[in-house]
Amino acid sequence: MRAEKDKATQRRAVIDNLVSSGYLKDQKVIKAMLKVPREEFLPANLKDSAYIDTPLYIGHGQTISAIHMVAMMDDALELGVGQRVLEVGSGSGYHCATIAEIVAPSHSSKEGHVFTVEVVPELAKFAEDNLRKAGYEDVVTVIRGDGSVGYPVEAPYDRILATAAAPKVPPLLVDQLKPGGILVVPIGSFHTYQDLVLVKKLSDGKLLRKDLGGVVFVPMVGEHGWRA
Ligand code: SAH
């Protein structure tokens, strides 16, 4: 009980800090990030580090993103109730949970859903277990496979995000975006430096591209990623 309270206090402190430093502006994202317990998405030995704002190792050479990066991406995505979202790179399931909190809050009658694709089978299971235990199983679907080609079965999507970096914007992700939709994806070099790129598909199908700044993500593998 005491430990839970400590974690909630730590969570609030880190989120307050992100608000005051300008990373977090959207009230819906703030509320979601205050609610989702990051510790529940970490391996047992790292739960006490849950509110250090840094990437943390989740096995298989992969990391859960730093808290400020999740905040920044969710803010940029302009998320709202009822949206259908595709995430490439489930990892721990934490980022997906923050999005599910916004697009499909339990009180909502609108049908928001997050589809999240993970290429490492053990991590797909890790994400699925974490999301189920945290109560998101009805509003999230974890898919095992190569998300660099998107997930055409459920397309089109209102929002798409990739939490692994690609050499260039994966064309099938753009194809699977609805008019008016937003895609956020890190683009750049292998394991070193990338730009976080936002692509907006306008209602006439034209694309607007904006760079949101420098980031470092693990590589996206697969057909439209880096060849493994
Ligand atoms: N969003 C995650 C962080 C993911 S780290 C979280 O909240 O924890 C990036 C993840 O992308 C890794 O788990 C990696 O295995 C996965 N990945 C890399 N290439 C992929 C691809 N082509 N399709 C699906 N997942 C991929």
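**A ligand and its pocket**

Reader: Hi! How far is a nitrogen atom of the ligand from a polar backbone atom of Gly 147?

Author: Hello! The distance is 2.8 Å, from a ligand nitrogen to a polar backbone atom of Gly 147. Bear in mind that this is a predicted model.

Reader: Good to know. Which residues are closest to the ligand?

Author: Ser 92, Glu 118, Asp 146, Gly 147 and Val 221 are the closest, out of 26 residues that surround the ligand. Asp 146 has an N or O atom in its side chain 2.9 Å from a ligand nitrogen. For Val 221, a polar backbone atom is 2.7 Å from a nitrogen of the ligand.

Reader: And how much of the ligand does the protein bury?

Author: The protein buries 99% of the 590 Å² that the ligand exposes when taken alone.

Reader: Nice. Which elements give two or more residues to the shell around the ligand?

Author: They are strand 2 (62–64), strand 3 (84–88), helix 4 (94–103) and strand 4 (113–118). Strand 2 gives the most, with three residues.

Reader: Let's switch to pockets. Which space is the largest pocket?

Author: That is the space taken by the ligand. The volume of the largest pocket is about 520 Å³.

Reader: What lines the largest pocket, and which residues lie nearest its centre?

Author: The lining has 35 residues, and Gln 62, Thr 63, Thr 163, Ala 164 and Val 218 lie nearest the centre. Strand 2, helix 3 (67–76), strand 3, helix 4 and strand 4 each give two or more residues to this lining. By type, the lining of the largest pocket divides into 19 nonpolar, 13 polar and three charged residues.

Reader: Okay, now the backbone. Is the peptide bond from Ala 155 to Pro 156 cis or trans?

Author: The bond from Ala 155 to Pro 156 is cis, with omega near 5°. Most peptide bonds are trans. Pro 156 is in the loop between strand 5 (140–144) and strand 6 (157–162).

Reader: And His 60: is its phi positive or negative?

Author: The phi of His 60 is positive, near 55°, and this residue is not a glycine. Most residues other than glycine have a negative phi.

Reader: Where is His 60 placed?

Author: You'll find His 60 in the loop between strand 1 (56–59) and strand 2.

Note on methods
Residues are numbered from 1 along each chain as its sequence is written. This is a predicted model: local features need pLDDT of at least 70, side-chain atom pairs count only at pLDDT 80 or more; totals for chains, interfaces and linings use all residues. Side-chain values use heavy atoms; hydrogens and water are left out. A residue is near a molecule or strand if one of its heavy atoms lies within 4 Å of it. A polar contact is a pair of N or O atoms within 3.5 Å; within protein, one must be able to donate a hydrogen and the other to accept it, and residues adjacent in sequence count only if both atoms are side-chain atoms. Accessible areas come from the Shrake-Rupley method with a 1.4 Å probe; for residues, only the protein chains shown count as cover. On a 1 Å grid over the protein atoms alone, a cavity is a set of points where a 1.4 Å probe fits but cannot get out, and a pocket is an open set with protein on both sides within 12 Å along at least five of seven lines; lining residues have an atom within 4 Å of a point. A molecule sits in a cavity or pocket if more than half of its atoms lie within 2 Å of its grid points. Helices (H or I, at least four residues) and strands (E, at least two) are DSSP runs, numbered from the N terminus. Grid points are joined across faces, edges and corners, and a volume is the space filled by probe spheres set on the points. Ala, Val, Leu, Ile, Met, Phe, Trp, Tyr, Cys and Pro count as nonpolar, Asp, Glu, Lys and Arg as charged, and the others, Gly among them, as polar.
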